[in-house]
Each structure stands twice: as C-alpha cells, then as structure tokens.
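Please keep the sequence and structure in view while reading.

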Amino acid sequence: MELVWDLEGSPSVTPAQRERIRERLGNRISGDGLLSLASSTTRSQHRNREEVTERFAELLGDALHVPKRRRKTKPSKSAREKRLKLKKQRSEKKRLRGPVTRD
C-alpha cells in the first residue's frame with residue numbers, strides 16, 4: 001500500500017507549517033513536493049493501509065512539533081556548596097595518594 005501526499009497543494013497546512021515540514025522531512029519529499037510512504041509488511045491490504053496512515057500521522061506530528069525554548073537557570077546555593085564540598089573531598093583523596101613523607 002502506498003500513500004502519496006501533496007505538500008505543496010494541501011490547503012490544510014499553513015505556509016509556516018509547510019516550511020517546517022519541508023525542513024524536517026526534506027529527504028522524504030520529492031522534487032514535486034510529494035511525500036510518499038509505502039507499507040507492505042502484512043498480507044492484508046487493509047492492515048497495510050492502517051499502518052501507512054499511522055506512520056504518516058506520526059511523521060507529520062514529529063515534523064510539526066516545536067520544542068519549548070529552554071530558560072537559562074542558575075544552580076541553587078546548596079547545589080554550588082555541595083559541588084565545592086565534593087571537589088574538596090576529591091582533591092584531598094588525590095593529595096593523600098601522593099608519596100609519603102617522613103617527619
């Protein structure tokens with residue numbers, strides 16, 4: 001079963017969405033602006049049709065997903081203190097591994 005979708009001629013997609021899909025799925029879209037998916041995993045035509053439709057919906061959903069912008073945050077005071085404490089412990093451990101001096 002093969003599903004062919006005309007990205008350029010689809011009225012259900014805004015120009016911004018069209019550009020995002022083109023950017024994310026560019027290697028799957030032909031020069032004519034057609035997105036083509038095929039499925040022949042089962043012997044049932046009905047099941048192959050369902051499978052290719054599910055894959056199409058998943059592909060478009062992933063392509064249209066806009067990740068949330070990351071907000072810069074500072075580590076908390078306790079996190080900074082804990083980091084410095086562990087750093088001192090590691091340096092002390094390594095210092096003690098050095099040669100033994102006799103007084």
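Is arginine 47 buried, partly exposed or exposed? Arginine 47 counts as partly exposed, at 33% relative accessibility. The model is predicted. A search of the whole structure finds 5 salt bridges. In general, side chains of opposite charge can pair when their charged atoms come close.

**Arginine 47 and its partners**

- Arginine 47 meets glutamate 50 in a salt bridge, at 3.0 Å from N to O.
- Both residues of that pair, glutamate 50 and arginine 47, belong to helix H2. They sit 3 residues apart, about one turn of the helix.
- Glutamate 50 is partly exposed, with 33% relative accessibility.
- Arginine 47 also forms a salt bridge with glutamate 54. Here the closest N and O atoms are 3.9 Å apart.
- Glutamate 54 is partly exposed, and its relative accessible area is 48%.

- Glutamate 51 lies in helix H2, which spans residues 45-64.
- Glutamate 51 is buried yet has no salt bridge.
- Which side chain of opposite charge is nearest to glutamate 51? It is arginine 47, 4.6 Å away.
- Leaving aside neighbours within four places in sequence, glutamate 51 is in contact with Ser39 and Thr41.

**Helix H3 and the segment after it**

- Arginine 95 and glutamate 92 form a salt bridge, with the closest N and O atoms 2.7 Å apart.
- Arginine 95 and glutamate 92 are 3 residues apart in helix H3, separated by about one helical turn.
- Arginine 95 is exposed, with a relative accessible area of 56%. Glutamate 92 is partly exposed, at 35%.
- Glutamate 81 is also found in helix H3. Glutamate 81 counts as partly exposed, at 47% relative accessibility.
- Where is arginine 97 found? Arginine 97 is in the segment after helix H3, whose residues are 77-96.
- Arginine 97 is exposed, and its relative accessible area is 60%.

**Positive surface patch**

- Which residues form a positive surface patch? They are Arg83, Lys87, Arg90, Lys93, Lys94 and Arg97.
- Patch residues must have over 30% relative accessible area and no salt bridge. Arginine 97, at 60%, is above that area cut-off.

**Salt-bridge network**

- Glu8, Glu19 and Arg22 are linked in a network of salt bridges.

**Separations in sequence and space**

- Glutamine 45 lies in helix H2. Glutamine 45 is exposed, with a relative accessible area of 52%.
- Glutamine 45 and glycine 9 are 36 residues apart in sequence. In space they are 27 Å apart, C-alpha to C-alpha.
- Glutamate 81 and threonine 101 are 20 residues apart in sequence. Their C-alpha atoms are 32 Å apart in space.

Key. Residues numbered from 1 in each chain as written. Predicted model: local features only at pLDDT ≥ 70, side-chain atom pairs only at ≥ 80, totals over all residues. Heavy atoms only, no water. Helix = DSSP H or I, 4+ residues; strand = E, 2+ residues; numbered from the N terminus. Buried < 20%, exposed > 50% of the residue type's maximum accessible area, 1.4 Å probe, protein only. Lys, Arg positive; Asp, Glu negative; His and termini not counted. Salt bridge = Lys/Arg side-chain N within 4 Å of Asp/Glu carboxyl O. Contact = heavy atoms within 4.5 Å. Patch = residues over 30% accessible without salt bridge, like charges linked within 9 Å, V, L, I, M, F, W, Y side chains within 5 Å. Areas by Shrake-Rupley, 256 points an atom, 1.4 Å probe, with all protein chains shown as cover. Charge placed at Lys NZ, Arg CZ, Asp CG, Glu CD.
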